[in-house]
Amino acid sequence: MAIRQIRIDGDPILRKKSREVNEINDRIKILLEDMVDTMYENDGVGLAAPQIGVLRQLVVIDIGDGVVKLINPKIIEKEGEVIDVEGCLSVPNRAGTVKRPERVKVKYLNEFGEEKTIEGTGLLARALCHEIDHLHGILYIDKMIEEVFPEEEEE
Ligand code: ZN
């Protein structure tokens, strides 16, 4: 188990595109484990590899139903629109509203190289879109409609 350092907005690596994974070797599996550990350590619901400085198409997500590890994830269907508040471990102490699809379907490879799909609505759809954006060098603040300040959220 290893906690990796999270790259913060301003780090150029967060703006680069991640490469597809062609071979799921031990290095990739360890990387996924480290991403899970790093996500939990920082109380995140998702983490993408560029956030720990690795430009590979790897995402981990746990919205409270257990962890999902996604290799080469791609959105293949989306439907509807929802505006809700989002934050990011790479953009600390900020939050803002972003428009995301209400439902998405994503195809990916699991750790065993099997092709899978995951369908999500609400928070899961939002997390999937947010993390897949990271693989393309996109941060939520690029799409932010309005900044939300914590004191407003509590009202
Ligand atoms: Zn993020």
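Helices are DSSP runs of type H or I with at least four residues, and strands are DSSP runs of type E with at least two, both numbered from the N terminus. By this rule, Leu32 belongs to helix H1. The model described here is predicted: local features need pLDDT of at least 70, side-chain atom pairs count only at pLDDT 80 or more, and totals for chains, interfaces and linings use all residues. Residues are numbered from 1 along each chain as its sequence is written, and side-chain values use heavy atoms, with hydrogens and water left out.

**Overall architecture**

- The protein chain contains three helices and eight strands.
- Read from the N terminus, the order of these elements is α-β-β-β-β-β-β-β-α-β-α.
- The radius of gyration of the protein chain is 15 Å, which agrees with the value near 15 Å for a compact globule of 155 residues; the radius is taken over C-alpha atoms, and the globule rule is 2.2 Å times the number of residues to the power 0.38.
- Along the principal axes, the C-alpha atoms occupy a box of roughly 45 × 35 × 30 Å.
- Of the 155 residues in the protein chain, 45% are buried; buried means under 20% relative accessible area, exposed over 50%, and partly exposed in between, with a 1.4 Å probe and protein chains only.
- Contact means heavy atoms within 4.5 Å. Among contacts in the protein chain between residues at least 6 apart in sequence, 66% link residues at least 24 apart.

**Surface and charge**

- The protein chain has 21 positive and 32 negative charges, whose mean positions are 9 Å apart. Lys and Arg count as positive and Asp and Glu as negative, while His and the chain ends are not counted; each charge is placed at NZ of Lys, CZ of Arg, CG of Asp or CD of Glu.

**The zinc site**

- The zinc ion has Cys88 (SG), His130 (NE2) and His134 (NE2) as its protein donors, at 2.0 to 2.2 Å. Donors are N, O and S atoms within 2.8 Å of the metal (3.2 Å for Na, K and Ca); water is not among the atoms, so sites may look incomplete.
- Along the chain, the donors follow the spacing C-x41-H-x3-H.
- Helix H2 (residues 122–134) holds both His130 and His134, which are four residues apart, about one turn of the helix.
- His130 counts as buried because its relative accessibility is 7%, and His134 counts as buried because its value is 1%.

**Buried residues and their contacts**

- Leu32 counts as buried, since its relative accessibility is 0%. Beyond four places in sequence, Leu32 touches Leu58, Val59, Val60, Lys69, Ile71 and Glu111.
- Val106 is part of strand S6 (residues 103–109) and is buried at 0% relative accessibility. Its contacts, not counting residues up to four places away in sequence, include Leu70, Ile75, Ile118, Leu128 and Ile132.
- Ile52 lies in the loop between S1 and strand S2 (58–61) and is buried, with a relative accessible area of 7%.
- Setting aside neighbours within four places in sequence, Ile52 contacts residues including Arg4, Leu31, Met35 and Leu47. Although Ile52 and Arg4 are 48 residues apart along the chain, their C-alpha atoms are separated by 6.1 Å.

**Residues with positive phi, and a partly exposed threonine**

- Most residues other than glycine have a negative phi.
- Asp43, which is not a glycine, has a positive phi of about 55°. Asp43 sits in the loop between helix H1 (26–41) and strand S1 (46–48) and is exposed at 72% relative accessibility.
- Asn93 also is not a glycine, and its phi is positive, near 65°. Asn93 lies in strand S5 (residues 91–100) and counts as exposed at 79% relative accessibility.
- Thr121 is found in strand S7 (residues 115–121) and is partly exposed, with a relative accessible area of 46%. Not counting residues up to four places away in sequence, Thr121 touches Glu102 and Arg103.
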